[in-house]
Amino acid sequence: MHRLSIEEIIEYITAGKQFEAVSSDYSFTLKIEDYVPIVCGAVHDGHQFRSSLWENCKHTEYERWYEEDPCTKEMVQTFPIVIAGRDSRFEYDLNREPERAVYDDAWGKELWTEPLSNEEKELSLQKHANFYKVVNALVQKLESDFKNVIVFDMHSYNWKRWDREVPVWNLGTSNIDQKRFGALTEVWSKKLGSIQLPNDIVNTSKINDTFQGNGYFLKYITRNFDNTLVLATEISKVYCDELSGIIYPEVVKSVEEQLKKLIPEMVKEFQAMFA
């Protein structure tokens, strides 16, 4: 893996080079093994939290981990193009627009002992802006090469905090063009529902049940590119113990192995519709 500046990453993308890199500030990674019309994204996978914020943060490391999306990059790591955040959403949230990307409070609890300085905020927002410069260059390149592109926007959520039964998989579609892509979202939801999980986990899949697909990653791509479908795909944290932080690797591996089959199937459906 290379360490590259934002300018170098964009230069590589524009030139169609294959590479795997971490940004020079270590805020995100991008792997491009081949230029294909498929991107897998895991914007909340990161757990890094810069040291200048430690003493000022009221949330513990566990509380931060609890709201992050661990293992979502691992679930799609074998695909040719994978972009993933390395920094915690508590530093800045890649799935929020810039104006809301730096939290004042998080899940009902104040985040900072003292308000963040403008310098701290600007450092976080620059990382946010750099990530989206690369996203823009990547999707622009892929639409130029293939016209139609599909992005699998991977997330997870804490199912135990809900006071009702919730699905293992939730697909958020409220910001997707339903006339063009509605049938495809139904197909993807059904495919997710076909996944067989270990440990006697009963799999279910629904659309717009727990979340509606209002994240900035989806909105940014959808607003800026006419021919790219973003599928905001959430798995409940059945792959770990939310209360202790223990990861169940057999469940993570099972999801990874089955997505290896289902994502290419979904891409074929997508390509057939727009051939």
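1. A cavity, on a 1 Å grid over the protein atoms alone, is a set of points where a 1.4 Å probe fits but cannot get out, whereas a pocket is an open set with protein on both sides within 12 Å along at least five of seven lines, and lining residues have an atom within 4 Å of a point. Grid points are joined across faces, edges and corners, and a volume is the space filled by probe spheres set on the points. The model discussed here is predicted, with local features needing pLDDT of at least 70 and side-chain atom pairs counting only at pLDDT 80 or more, while totals for chains, interfaces and linings use all residues. Residues are numbered from 1 along each chain as its sequence is written, and side-chain values use heavy atoms, with hydrogens and water left out.

2. The structure holds 1 cavity of 30 Å³ or more, and the volume of the largest cavity is about 40 Å³. Its lining is made by Val-39, Ile-83, Val-135, Leu-138, Val-139, Val-151, Phe-217 and Ile-221. Two or more of the lining residues come from each of α3 and α5, where helices (H or I, at least four residues) and strands (E, at least two) are DSSP runs numbered from the N terminus. By class the cavity lining has 8 nonpolar, no polar and no charged residues, with Ala, Val, Leu, Ile, Met, Phe, Trp, Tyr, Cys and Pro counted as nonpolar, Asp, Glu, Lys and Arg as charged, and the others, Gly among them, as polar.

3. Leaving aside neighbours within four places in sequence, Ile-263 is in contact with Ile-38, Cys-40, Val-76, Phe-79, Phe-152 and Trp-188, contact meaning heavy atoms within 4.5 Å.

4. A salt bridge is a side-chain nitrogen of Lys or Arg within 4 Å of a carboxyl oxygen of Asp or Glu, and by this rule the count comes to 19. One of them joins Arg-161 and Glu-67 (2.6 Å, N to O). Because Arg-161 lies in the loop between β8 and β9 and Glu-67 in helix α2, the pair ties together parts that are 94 residues apart in sequence. Arg-161 is partly exposed, at 41% relative accessible area, whereas Glu-67 is buried, at 7%.

5. A further salt bridge pairs Asp-87 with Lys-127, whose closest N and O atoms are 3.3 Å apart. Asp-87 is buried at 6% relative accessibility, and Lys-127 is buried at 9%. Both residues belong to a network of salt bridges that links Arg-50, Asp-87, Glu-91, Glu-120 and Lys-127.

Conventions:
Buried means under 20% relative accessible area, exposed over 50%, partly exposed in between (1.4 Å probe, protein chains only).
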